[in-house]
Amino acid sequence: MASSDPHSLSGQTALVTGGSSGIGRAACLELARAGADVAVNYHGSQDAAEEAAAAIRALGRRAIAVQGDVGSEGDVAAMFDEAENALGPLDIVVSNAGLQRDAKFAEMTLDDWDTVIRTNLTGGFLVAREAVRRFRKKGRRPETSRALGKLIFDSSVHQRIPWAFHVNYAASKGGLKILMESIAQEVAVEGIRVNAVAPGAIATDINKLEREKAGGLEAMLQLIPHGRVGDPEDVGRVIAFLASDASDYIVGQTLFVDGGMALYPGFRGNG
Ligand code: NAD
């Protein structure tokens, strides 16, 4: 039987892509706090990934930093191998890595488009496909979880809210939404639970320039009924929940973690 605490991830192993910074790093730590051992994938910043792994170890869990580009089929297979060789079969995979390449629509280059789609959408596909293959190979472990495996995508409010000057990003997240739901529908019968989080404005490197430019923070706050920019931990905690048996009956859903950003805040003043 799984732990009597349905939030516990004790005895489970996780891989988080883009885990060396921002929301990914927070997810790594929240998963570890709940009891999981964690492989921290990074693309460029080895020091930051090693630091995140050290913070996980300080919580009493095992951790390893694994390099790899989520847009590369070979890298994805290799990062799963490295994670499983070090920590054992994976129970939880968080497909979090993502980036932006913003431009006015008519000036967006094919490279801007391809870079974002390759990382955010193709990367999500490659990581998800590898996760499903590994979960099947591992088999059920009812002593740790009711599910065969848990896969969580980091999407965005822009899977629903159109975003001028960021059409590549919005298209990638809109694609992720239906990718996530279609995979969830296909594999739920095997006990693989697939879900997503859709963050709003969270204080990370991805939006640092926008937040720190003159008037940037104020403009952002206009869009957030809750009245504050989110912290990475706000999202990390929800990812840990979706990885746990506490969410065992949630399948193919996106949890918006956005302080109300998706609620058409322009209508707050009586329309
Ligand atoms: P971040 O820039 O700190 O994190 C993104 C991480 O992805 C970085 O560690 C980066 O190195 C990694 N990455 C980029 N390309 C990669 C690749 N090819 N292979 C492996 N790793 C790669 O920013 P963040 O806000 O923590 O972003 C994490 C996720 O959250 C992204 O998918 C982003 O779209 C999503 N998100 C963020 C916000 C926000 O407001 N911060 C809102 C909605 C969605």
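Leaving aside neighbours within four places in sequence, which residues is valine 66 in contact with? Before you click, note that this is a predicted model, where local features need pLDDT of at least 70, side-chain atom pairs count only at pLDDT 80 or more, and totals for chains, interfaces and linings use all residues. Residues are numbered from 1 along each chain as its sequence is written, and side-chain values use heavy atoms, with hydrogens and water left out.

**Stop one: valine 66.** Select strand E3, residues 63-67, and pick out valine 66. (Strands, E, are DSSP runs of at least two residues and helices, H or I, of at least four, numbered from the N terminus.) Its contacts, meaning heavy atoms within 4.5 Å, are Leu15, Ala39, Val40, Asn41, Tyr42, Met79, Glu82 and Ala83. Valine 66 has 0% relative accessibility, so it counts as buried (under 20% relative accessible area; exposed is over 50%, partly exposed in between, with a 1.4 Å probe and protein chains only).

**Stop two: helix H1.** Now select residues 22-33. Of the 12 residues in H1, 9 are buried, so the helix is largely enclosed by the rest of the structure; among them are Ile23, Gly24 and Leu31. Following H1, look for glycine 35, with a positive phi near 120 degrees.

**Stop three: H1 against H2.** Show Arg25, Cys28, Leu29 and Ala32 of H1 with Glu51, Ala52, Ala55 and Ile56 of H2, which make the contact.

Technical notes. Axes fitted to C-alpha atoms, helices over the stretch in contact; angles between N-to-C directions.
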